[in-house]
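Here is a short tour of the model for anyone meeting it for the first time. Have the sequence and the 3D view open while you read.

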Amino acid sequence: MINWAPLHPQVVHFVVALGLVGIVLRLISLTGRARWTRPAGAVLLILAAISSVVAVKSGTAAHGPVERIPGARDAVEHHEESGEKTRNLFLVVGVLEVAGLALASRERARRWLLAASAVAGVVACVVLYEAADEGGKLVYVYGGGPGLRSGDPADVQRLLVAGLYAQAAAARDSGRSEEAARLTDELVRQRPGDPAVALLAVQSLIRDRHDAGAALTMLDTLPQPAGNRRWDQQTGLLRSEALVAAGQPDSARAVLTALAKKYPENRGVQRALEELRAKS
């Protein structure tokens, strides 16, 4: 038995590509120019119809885990309905294209069939856009793709980590420092050995807990990988920020000046140094 669910992201892109290009070729063919577009459009639109059937089948197989996300059920159902409408319209287009091929010797009837296919195809592409937009919302708004597609615990954790990071940033931006600190603590618990998470913890100490001393102590305990430019720049910027928060602007300026000499191309370092100079 084929597991159709993992194929859904790939198959839907075939429907989009085949359907859009096919209908463009069909519209061009109705002008009577570029006669090669008539058979080419037929092939692509028939393949789009077949792909749409597979896309709906794979989407139905994949919707279970996404539908169980709190608040996502209605979005899943709307996406499925749009997908089914798209499939039905492309099947109509496919039938018209096959009929057009069968009536190759009857030019007048064939022309009317292809015109009808073009109209149905344009409508199908509009509904296809709606289905694609709703599918994108399921992935990017409801988190219905990352982690859930494979079911691998490591992938699911990455989904949680991404959510914690984004939610902590949103809480910080809205002035909810305690919530941002709590979410960052949970992020550290999820990824205790991740250097990037360690830097986020330092940042949280400075901006959320306003504990510059603890941030500097933590920076002193972090490993310093040799030759890692990005790590050197990030820790330097955090150290200067902590020093400013601790009331040591001269020390912060010294750190940033050294970084600016070492990495003159880094705009973040240059900007931080300019802001510090403007405050003094």
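## Starting at Thr184

Leaving aside residues up to four places away in sequence, Thr184 touches Ala168, Arg172, Leu200, Ala201, Ser204 and Asp208, where a contact means heavy atoms within 4.5 Å. You'll find Thr184 in helix 6, which covers residues 177-190. Helices here are DSSP runs (H or I, at least four residues), numbered from the N terminus. Is Thr184 buried or exposed? Thr184 counts as buried because its relative accessibility is 4%; the labels are buried for under 20% relative accessible area, exposed for over 50%, and partly exposed in between, using a 1.4 Å probe and protein chains only.

A quick word on the ground rules: this is a predicted model, where local features need pLDDT of at least 70 and side-chain atom pairs count only at pLDDT 80 or more, while totals for chains, interfaces and linings use all residues. Residues are numbered from 1 along each chain as its sequence is written, and side-chain values use heavy atoms, with hydrogens and water left out.

## Where two helices cross

Now look at helix 1 (residues 8-29) and helix 4 (residues 107-140), whose axes come within 9 Å and cross at roughly 145 degrees. Axes are lines fitted to C-alpha atoms, for helices over the stretch in contact, with angles running from 0 to 180 degrees between N-to-C directions.

On the helix 1 side, the meeting residues are Val15, Val16, Gly19, Leu20, Ile23, Arg26 and Leu27. Helix 4 answers with Leu114, Ser117, Ala118, Gly121, Val122, Cys125 and Leu128. The residues of this contact split into ten nonpolar, three polar and one charged. In that count, Ala, Val, Leu, Ile, Met, Phe, Trp, Tyr, Cys and Pro are nonpolar, Asp, Glu, Lys and Arg are charged, and the others, Gly among them, are polar.

How many residues are in the largest nonpolar core? There are 21, and those with the most contacts inside it are Val202, Ile206, Ala215, Leu222 and Leu238. A core like this is a set of buried Ala, Val, Leu, Ile, Met, Phe, Trp, Tyr and Cys residues joined through side-chain atoms within 4.5 Å. Helix 7 (195-207), helix 8 (212-221), helix 9 (229-245), helix 10 and helix 11 (267-279) each give two or more residues to it, and helix 7 supplies the largest share, five residues.

## Salt bridges

The structure holds twelve salt bridges, each a side-chain nitrogen of Lys or Arg within 4 Å of a carboxyl oxygen of Asp or Glu. One of them joins Arg182 and Glu179, with the closest N and O atoms 2.8 Å apart. Both partners sit in helix 6, three residues apart, or about one turn of the helix. Arg182 is partly exposed at 46%, and Glu179 is partly exposed at 25%.

Another bridge pairs Asp220 with Arg239, at 3.2 Å between the closest N and O atoms. This pair links distant parts of the chain, as Asp220 is in helix 8 and Arg239 in helix 9, 19 residues apart. Lys262 and Asp232 meet in a salt bridge too, at 2.9 Å from N to O. Lys262 lies in helix 10 and Asp232 in helix 9, so this pair ties together parts that are 30 residues apart in sequence.
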